[in-house]
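Here are my notes on the model you sent over. Have a look at the structure first, then go through the points below.

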Amino acid sequence: MSIALPKHSVILSLLLIFFITPVYAIEFWVSKNGNDNNSCTSEQTDACLSIQKAISLARAGDTINITPGTYIENSASSPFVSKCVWMDSTYASLCLETSGTPNNPIIIQAAPGRSGEVILDSQLERIGIHTMTSDYIHIKGLTIKNNYVIGIASWGQVQNTVANIDTLSIGIVIENNKIINTGGPYGMNMSGIGMWGSKDWVVKNNLIDTAYTIDSTRGAAGIQAYGTINALIEHNEIKNVSNGIFWKDHFIKDLATRSPWFESEIRYNKIKADVYGVLIGIRGAKSPEAGENYIHHNIIYGFGNSGAGIRSNMAGAFAVSAPIRIEHNLIDGGDSLSDAISLDANSQVTFLGNILIRSKTDIALIRYSDTKVVKLTSSDYNIFDASFHLAADRYSKGNSKDYSTLSDWQAATSSDALTVAVNQPDQNSIIATHSGLFAQLDDTDYRYKTNSLANNFMPNNDNAGPYQLSNEVIGRIVAAPIETNTINLLQKAAVLQIILNKRRVEKK
């Protein structure tokens, strides 16, 4: 026989169930029709007016939903946050002072189904969002525009050699955003996303269109890091930049052993950059060497005569940098006088399954000294065009070795050049015309023709270059609707005020 419980007993049971959960998740709401005297707990009746107010309330597991409109905020004048300064001089529009946890991040997002309709406008006076040293925050579906110097920034361990993990910004996810129109004075390290002192970041499905603005004499980078550990950069479209992705000021694990960190996996991005598509560099002479990087299935194009598709410029570091894998990329030099790939001072380079077209030099292996050189340890199953040219030991005072035909390069041995650590490289690589590869050749779509020579080219029958499936996207994917946290309405009505009161007590 079942016994009907009174209504208040049902609510009490729900409260007990809710409070044994480790994290009490709340959905906060921000609206252009809101009021900052509200508690931000209802879209229709209790929304806040400012995003920073909702951020000040959010804790691990909470979600901030922002309804459409243009938001102009300034942390320097906000009553809901301490003044938030980047580079000792520039305020941020929004500051993130509280952390989530790995399983319960804080989510700041456009309201479900409204991705791209929420605009944070920094009026070319402030950086957009400053993560400070906060951890496990997800930023989704926003348009962040008119940024002074940086759209989304962290500020950590600039000029450190060994990472202090406790002060890194860890576990930030930047997804489905548009970061547009960023600029500032020369020398300010402008970027759409600036990952200073970062670990375990994921940057995916973003449009980063960082145009030249203000009194800049150069364009910003799309994504720039002064010290990063284990970043995943995927499915972004980056354009109108000097450098697409720029890693700098690297960390090592131990000074004695000089053990490297894994720095990044960079995949499925479409990058149009004026100078370098991907640049791995140094802050200045005698900086820490780069960690491991895996760069694959990207399309890189648009770089000019003084740049390169992928450049590792590490000869000035303390030691030879860690291995770098460059695989299945399509790099189009656009008939410039540039290098498709230019490398120095990496301990091990794997070069596999790439398509390189319309560059003056396909691969440049650079030697500045006999002790700090790049070592090409694997190169095969690549496709070059008729302008094939590979330079080994470039800048080695008359000892440079040029290979102007693929057959000459395939006959090379490790004794030919200090930078070549493999005998008879690229035995299975080929020369192909553009018409033998692509349905059309332009700067928006490099899809292969039905009988392309790139199809089934690899020994496991994968394709060469980035496209493996006929319907895949290299670059930004149209985002699926962002799901909201679902909390039973009865639970929410009964529990919400209790949680807020509990937090107020804890805060005191």
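1. Helices (H or I, at least four residues) and strands (E, at least two) are DSSP runs, numbered from the N terminus. Counted that way, the chain has four helices and 36 strands. Keep in mind that this is a predicted model, where local features need pLDDT of at least 70, side-chain atom pairs count only at pLDDT 80 or more, and totals for chains, interfaces and linings use all residues. Residues are numbered from 1 along each chain as its sequence is written, and side-chain values use heavy atoms, with hydrogens and water left out.

2. On burial (under 20% relative accessible area, 1.4 Å probe, protein chains only): 56% of the 508 residues count as buried.

3. Now the inside. A nonpolar core here is a set of buried Ala, Val, Leu, Ile, Met, Phe, Trp, Tyr and Cys residues joined through side-chain atoms within 4.5 Å. The largest one has 79 residues, and M195, I223 and I341 have the most contacts inside it. Apart from it lies another core, of 18 residues, including Y381 and F438.

4. What does I223 touch, leaving aside its neighbours within four places in sequence? With contact meaning heavy atoms within 4.5 Å, its partners include I193, M195, I233, F246 and W247.

5. Finally, some strand pairing (at least two DSSP bridges between two strands). β29 (residues 349-352) pairs in the parallel sense with β26 (residues 324-327) over four bridges, and I326 stands opposite F351. β29 also pairs in the parallel sense with β32 (residues 376-380), again over four bridges; there, L352 has D380 as its bridge partner.

Conventions:
Buried < 20%, exposed > 50% of the residue type's maximum accessible area, 1.4 Å probe, protein only.
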